[in-house]
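Work through the exercises below with the sequence and the model in view. Each task is followed by its solution.

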Amino acid sequence: MEVLHKLTSFHQFKNPKLCTSLTPINTQISTCSLIPIKHNPSFQKVSCSFQDYNKKLVQEFVPKIPIEEAITPPSSWYTDSSFYSHELNHVLFKGWQAVGYTEQIKEPRQYFTGRLGNVEYVLCRDDGGKVHAFHNVCRHHASLLASGSGKSSCFVCPYHGWTYGLDGALLKATRITGIKNFKVNEMGLVPMRVAIWGLFILLNFDNGVFPEQESAFDLAGTEWLGSSSQILADGGVDSSLSFVSRREYTIECNWKVKSHIMVFCDNYLDGGYHVPYAHKGLASGLTLDSYATTILEKVSIQRCETGSAEKGQEFDRLGSKALYAFVYPNFMINRYGPWMDTNLVLPQGPRKCLVIFDYFLDSSLKGDESFIEQSLKDSETVQMEDIKLCEAVQRGLESPAYCSGRYAPQVEKAMHHFHCLLYENLSC
């Protein structure tokens, strides 16, 4: 697949720094004060005890054991609030994350906002067509600037009216007469690294050094997808598809459960194991014996033949084959027939997640309202079935009767790969 753009954020002002870490407050306290703070020994003990505790939980999973003999991660990975904070810092705030699609900011002045953990962000396209990403926080008194999505020539803080350009520069600071040591070029919005690969907009949540040249982002797609990028392109994941619809689901389960996303992600990664039992309607359109899994660096790809054409179905949304790609740690791409849908899983706490489904369709069928309506209805049925499963798994994980489980080696390779990647990040 061709990489459409690799874009850096605004950095004309003198690289404003984040004054707080991305670490949730219950595990680390940081400060914006210019006055040195004396560390509280008792707090340091608490912080160290959290670290030791989380390290112990991580070590309860042993990735080097072959899948045939391996034990799944302990239930505490899915239920413990301290471990959830550890995940945010060591997994979700590392590397590139998919946060949206290009049609959301197709035109100049369009923007959209989002949140991951305690990080609020806004993405926009300026009048020159350049894409920018910023922390969605006013530099005056920390109010959120923008909400939702829309179109605007600038960002005006709803609290005190401070105004920023779409390039992040501070354009107006109200009623600051008499202020001293105020440098306008150092009070712009704090930028984030952004890139575009195909249809997808990527953000990097690491608070690292910004490259001086846009060419430095040529590796963004490679860092995100590794060697799977060409496989996905050959599988029909490309920018020719048109956006159709977005649906959001709040699920009472850990973000990993859909695979066990973690509960959400685990469910996704079981190689179709649960399909004949939980999705009888979907199973009737799939040839489950053809399920095959390919494990790559940070991506696992599951393929399955559908047999829809052979069965002579009048309504066929699945086509002749389906491809399901899981991009570590929380993004899924599903390509089948004329459709592609993506699932972005955003943790909302240790036992709740928000799953955002975006649906894309071959442009030749975008005017077929009946086909679209029936396809989305069928997809909704599958999602409702999955939600019921994931929430039941979460409740089971919280039971004192369960600690760890086992893998079905022939079908749960992708799930085991996911857990091994988690272990690698969580051990850092």
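Rings of Phe, Tyr and Trp (its six-membered ring) pair if their centres lie within 6.5 Å; planes under 30 degrees apart count as stacked, over 60 as edge-to-face and the rest as tilted. The model is predicted, so local features need pLDDT of at least 70 and side-chain atom pairs count only at pLDDT 80 or more, while totals for chains, interfaces and linings use all residues. Residues are numbered from 1 along each chain as its sequence is written, and side-chain values use heavy atoms, with hydrogens and water left out.

**Exercise 1. Aromatic rings**

Task: State how many aromatic pairs the structure holds, and classify the pair of Tyr111 and Phe155.

Solution: The structure holds 21 aromatic pairs. For Tyr111 and Phe155, the centres are 5.6 Å apart and the planes stand at 85 degrees, an edge-to-face pair. Next, locate the two residues: Tyr111 belongs to strand S2 (residues 110-116) and Phe155 to strand S6 (residues 154-156), 44 residues apart, and the pair links distant parts of the chain. Strands here are DSSP runs of E, at least two residues long, and helices are runs of H or I, at least four, numbered from the N terminus. Both Tyr111 and Phe155 are buried, where buried means under 20% relative accessible area, exposed over 50% and partly exposed in between (1.4 Å probe, protein chains only).

Task: Classify the pair of Trp224 and Phe331.

Solution: The ring centres of Trp224 and Phe331 are 5.9 Å apart with planes at 40 degrees, so the pair is tilted. Trp224 is buried at a relative accessible area of 3%, and Phe331 is buried at 5%. Elsewhere, Tyr249, Trp339, Phe357, Tyr359 and Phe371 form one aromatic cluster.

**Exercise 2. The sheet with S1**

Task: Give the strand order of the open sheet of three strands, and its pairing.

Solution: The order is S1-S10-S9, and the pairing is antiparallel; two strands pair if DSSP finds at least two bridges between them. S1 (96-101) and S9 (193-197) are the edge strands, each pairing on one side only. Within it, Arg193 has Asn204 of S10 as its bridge partner.

**Exercise 3. Strand S17 and its neighbours**

Task: Which strands pair with S17, and why is S17 described as largely enclosed?

Solution: Start with S16 (residues 331-336), which pairs with S17 over six antiparallel bridges. Ile333 has Thr342 in S17 as its bridge partner. The hairpin of S16 and S17 has two residues between the strands, and Gly337 takes a positive phi near 55 degrees there. Then turn to S18 (residues 352-361), which pairs with S17 over 10 bridges, again antiparallel. A hairpin through two residues joins S17 to S18, and Gly349 has Lys352 in S18 as its bridge partner. Finally, 10 of the 11 residues of S17 (residues 339-349) are buried, so the strand is largely enclosed by the rest of the structure.

**Exercise 4. Helix H9**

Solution: Buried residues of H9 include Phe371, Ile372, Ser375, Leu376 and Ser379.

**Exercise 5. The whole chain**

Task: How many helices and strands does the chain have, and what share of its residues is buried?

Solution: The chain has 10 helices and 18 strands. Of its 428 residues, 52% count as buried.
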